[in-house]
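Please consult the sequence and the structure shown here alongside the text.

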Amino acid sequence: MSSNDRTLKVGVAGLGVVGGGVAVRLTKGGPARKLIGALVRDASQPREFPTDDVIFATSIPDFVAQELDVIVDALPDGEAGFALIEQALSQGVSIVSANKQALAGRLEQLHCVARANAAALLYAAAVGGGAPMIETVSRARAQGPIEKISAIVNGTVNFILTKLADGANFDDAVRQAQDAGFAEPDPSADLSGGDARAKLSILSYEAFGAEIDLNEVKTESLTPERAASMLKAGGVWRQISELRKNAAGLISASATFQQVDIGSVFADARYQDNALIVMTAVGEMFSACGEGAGRAPTVDSIFCDLEQLK
């Protein structure tokens with residue numbers, strides 16, 4: 001069997017909305033990839049996929065010891081995700097991560113561990129979901145220095161803003177985002193701007209080769225009061241995340257609510273959509289758009305990364 005024909009042994013950490021979707025697709029897929037193990041809190045819970053050949057672990061050391069080729073990190077906790085990623089990479093196990101909180105501010109450190117142990121670290125699903133943001137930023141950077149990035153990176157907030165514009169009240173809009181599987185039971189990371197802050201850090205690394213201080217990112221929370229002020233002002237409002245690098249090489253970042261032009265790529269990004277515009281120093285523009293929240297687009301992005309590890 002050639003290296004291109006070998007079966008990739010995959011472990012999935014976290015079997016929630018995203019991780020469960022990855023596991024389901026792996027068990028329905030062909031011989032290229034096989035689900036070997038899963039990291040879970042409770043191994044006795046019923047699952048939505050056949051489990052006869054799956055080894056369930058409840059600790060990171062036991063999970064990483066399963067002789068896996070790659071681990072999909074779909075954990076909901078940043079610190080647990082970071083511990084898993086660091087240990088797996090140090091043992092030569094590649095990582096495909098959707099866990100932006102685990103990666104933000106730590107990418108240089110983790111890439112160093114990956115290089116030292118001939119492992120891959122991929123994370124397209126951590127930013128943009130079904131919108132190929134990291135790929136687009138990488139393509140733009142290959143053409144020359146990047147000057148500015150503007151983006152809608154949080155599909156949950158965009159969904160809520162669209163519902164508010166449609167006439168829903170704040171609490172109902174948040175509840176609908178939760179019912180649709182876009183917002184967590186505790187939506188504070190989305191509403192506070194924390195999710196956007198983490199994604200900006202990842203995009204900064206991809207665009208400029210340098211991570212930003214998360215505490216230096218200017219963020220604005222989505223509250224009932226802020227929502228009311230936007231509705232009163234009228235027009236189309238979006239949470240716009242921005243990165244800029246000035247002539248002195250200083251990087252600034254923000255995630256704030258801005259009124260956008262009707263007919264623009266950002267106005268046309270509705271509900272859970274994400275959108276990205278990258279401007280290079282010579283005036284070239286690169287863009288991407290797609291669904292930014294939900295199981296299906298995130299799982300699709302994870303499988304695109306897995307495809308690179310054949």
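**Cysteines and basis of the model**

A disulfide is defined as a pair of cysteine sulfur atoms within 2.5 Å. By this criterion the structure holds 0 disulfides. The sulfur of Cys289 has its closest cysteine sulfur in Cys304, at 15 Å, which is too far for a bond. Cys289 counts as exposed at 55% relative accessibility, and Cys304 counts as partly exposed at 47%. These classes use relative accessible area: buried is under 20%, exposed is over 50%, and partly exposed lies in between (1.4 Å probe, protein chains only).

The model is predicted: local features need pLDDT of at least 70 and side-chain atom pairs count only at pLDDT 80 or more, whereas totals for chains, interfaces and linings use all residues. Residues are numbered from 1 along each chain as its sequence is written, and side-chain values use heavy atoms, with hydrogens and water left out.

**Domains and their interface**

The chain is divided into domain 1 (8–129 + 297–308) and domain 2 (133–291), with bounds that come from an automatic or database domain assignment. The centres of the two domains, taken over C-alpha atoms, are separated by 26 Å. The contact (heavy atoms within 4.5 Å) takes 16 residues from domain 1 and 16 residues from domain 2.

The size of an interface is often given as the accessible area lost when the parts come together. Buried area here is the accessible area (1.4 Å probe) that two parts lose on being put together, summed over both. Domain 1 and domain 2 bury about 1400 Å² between them, with 62% of it on carbon and sulfur atoms. On the domain 1 side, Lys100, Val127 and Gly128 lose the most area to domain 2, together 34% of what that side buries.

**Nonpolar cores**

A nonpolar core is a set of buried Ala, Val, Leu, Ile, Met, Phe, Trp, Tyr and Cys residues joined through side-chain atoms within 4.5 Å. The largest such core has 53 residues, of which Ile71, Leu84, Leu89, Leu103, Leu121 and Tyr123 touch the most other members. Helix α10 (residues 194–208) gives the most to this core, with 7 residues. Helices (H or I, at least four residues) and strands (E, at least two) are DSSP runs numbered from the N terminus. Both domain 1 and domain 2 supply at least three residues to this core.

Leaving aside residues up to four places away in sequence, Leu103 touches Ile85, Ser97, Leu110, Leu121, Tyr123, Ala126, Ile202 and Glu211. A second, separate core of 24 residues includes Leu15, Phe49, Ile302 and Leu306.

**Arg33 in strand β2**

Arg33 lies in strand β2 (residues 33–39) and is buried, with a relative accessible area of 17%. Its side chain is joined to that of Glu307 by a polar contact of 3.3 Å. A polar contact is a pair of N or O atoms within 3.5 Å; within protein, one must be able to donate a hydrogen and the other to accept it, and residues adjacent in sequence count only if both atoms are side-chain atoms. Beyond four places in sequence, Arg33 touches Thr7, Leu8, Val10, Leu26, Phe303, Leu306 and Glu307.

**Helix α7**

Helix α7 (residues 155–165) is mostly covered, with 9 of its 11 residues buried. Among them are Val157, Phe159, Ile160, Leu161 and Leu164. Asn154 caps the N-terminal end of α7, where a side-chain oxygen lies 3.0 Å from the backbone nitrogen of Thr156. Just after α7, Gly167 takes a positive phi of about 115°.
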